[in-house]
Amino acid sequence: MDTANVRWPDSLWAAVTPPGPGLPELVGTAEADVIVIGGGFTGLSTALHLRETGVDVAIVEAMEPGWGASGRNNGQVIPTLSRPDPDDIVAKHGAAGQRFVALLRDSASTLFNIARRYQIQAEQEQAGWIQPVHSPGRIKIAERRVRQWSKLGAPVELLSREQTRQMLGSDAWFGGFWNRSGGHINPLALSRGLARVVLERGGRIYTRSPAIGFERRNERWIVRTEKGEISGRALIVATNAYTGEFSKSLMPAIAHEVMPVLSWQMATQPLSETARQTIIPGRQAMSDTHGELYFARYDARNRLVTGGAVIGPGNKPERLKTIVAERLQRLWPQIGPVEFDYVWNGYVGMTTDFLPRIHRLGPDAYGWTGCNGRAVALSIALGDELSKAVRGIPEKDLALPFSDPVPIVAHGLLRWLAPLMLMVYRRRDAREIA
């Protein structure tokens, strides 16, 4: 990738978000107490929490803050994982899993509270998040999630089919549940806002400086880029799905334990006020139970921000416009003709069991990957936990369920085949569950 001239995607967020600050490259040698590789949500949140405790921190970013998934996603703030529920997480990770579930439960409120505290203007709306079910049998999924999250004090509520119809303005779903703490943001604006706060508090951010490797030398971590290197007592690696995209030698074991999958996002032209009042009138974020996910939320200009998936040759953006326009008209007949002004994509880091991977990388070194499409709230919350880890907080007090990296066998082949999973999801989506 050409890092000298940063090219932003033709996204809604890049079009409407004020530019970020001018930032230097890493040239020559530098030092910091903590080095963070990656200037997305996790890296920026980690740096912010470190600066709030007086720790000297420097971020080394391959492009610009928010250039990767943190500035390209749909912006839904969801305080759950995509498939594993609380009991699954605790069964896998025990006491650390219990702490992680508590972190996840509060993760949406954590994000919105940070935006308020630091006066970050990210078009944030804490209007809630709805997960409707797309078949009658799948109401069992909603019932299970409400049961488990309610026991933990999450602000969740089961929705009947009629309640879902009223909240979404559509007869397409059969009930569901919602979490009042969720909502949506402009993710690029949040990224740039966090970068501003880090800089105002004395942190450093080096950009257009892809890390090509790191090593332990004389009790210090050394991170190398093409034009320089930086040493630090501690290290955080926060590169997620983009871990192997700039340097294959950065962390191959971790790069190969997640599957980078392209996620397509789209923004309609602004809806009429009449349509907006009947389509998700409460302005909640929505993503349903399809494997081929149906999702939507409004931006501040009343565009419906949604997306889809497509496989095969041809002009994918144009094909998606047709597919998703027909879907929106099927879900909401009152929407009328649908035109899209923006279509863009970015990588999502998928794991085989839809659980994130959190690792110790050595003395005072940590990293995580595997967002599985739920990184917005989780990344901000994990930044605080990772900052605690490098400050020496005992592991028993951290919401970090550690594991060892386990690369996916035949990763290169499976990455090439991964888009074909869409056909599997479509078959599963069409089947009722018992």
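This is a predicted model: local features need pLDDT of at least 70, side-chain atom pairs count only at pLDDT 80 or more; totals for chains, interfaces and linings use all residues.
Me: What span should helix 2 have, and what does the model give?

Reply: The expected span is 1.5 Å times one less than the number of residues. Helix 2 covers residues 41–52, so its 12 residues should span 16 Å. Its end C-alpha atoms are 16 Å apart. The two values agree.

Me: Which residue with a positive phi follows helix 2?

Reply: Gly54 follows helix 2, and its phi is near 85°.

Me: What is the phi of Asn218, and where does this residue lie?

Reply: Asn218 is not a glycine, yet its phi is positive, about 55°. Asn218 sits in the loop between strand 9 (213–217) and strand 10 (220–224).

Me: Is Asn218 buried or exposed?

Reply: The cut-off for exposed is over 50% relative accessible area. Asn218 has 68%, so it counts as exposed.

Me: And Asn302: what is its phi, and is it buried or exposed?

Reply: Asn302 has a positive phi of about 65°, again without being a glycine. Its loop runs between strand 14 (295–298) and strand 15 (304–308). Asn302 is buried, because its relative accessible area is 18%.

Me: Now charge. Which residues gather in a patch of positive charge on the surface?

Reply: Lys and Arg count as positive here. The patch is formed by Arg83, Arg427, Arg428 and Arg431.

Me: Where is Arg83 placed, and why does it count as partly exposed?

Reply: Arg83 belongs to the loop between strand 3 (76–77) and helix 4 (86–105). Partly exposed is the class between the buried and exposed cut-offs. The relative accessibility of Arg83 is 34%, so it lands in that class.

Me: Last one, Pro9. Where is it, and is it buried or exposed?

Reply: Pro9 is in the segment before helix 1 (12–16). With a relative accessible area of 14%, Pro9 is buried.

Me: How many residues separate Pro9 and Lys316 in sequence, and how far apart are they in space?

Reply: In sequence, Pro9 and Lys316 are 307 residues apart. In space, the C-alpha to C-alpha distance is 15 Å.

Key
Residues are numbered from 1 along each chain as its sequence is written. Side-chain values use heavy atoms; hydrogens and water are left out. Patches are made of residues with over 30% relative accessible area and no salt bridge: like charges are joined within 9 Å, nonpolar side chains (Val, Leu, Ile, Met, Phe, Trp, Tyr) within 5 Å. Accessible areas come from the Shrake-Rupley method with a 1.4 Å probe; for residues, only the protein chains shown count as cover. A salt bridge is a side-chain nitrogen of Lys or Arg within 4 Å of a carboxyl oxygen of Asp or Glu. The place of a charge is taken as NZ of Lys, CZ of Arg, CG of Asp or CD of Glu. Helices (H or I, at least four residues) and strands (E, at least two) are DSSP runs, numbered from the N terminus. Buried means under 20% relative accessible area, exposed over 50%, partly exposed in between (1.4 Å probe, protein chains only).
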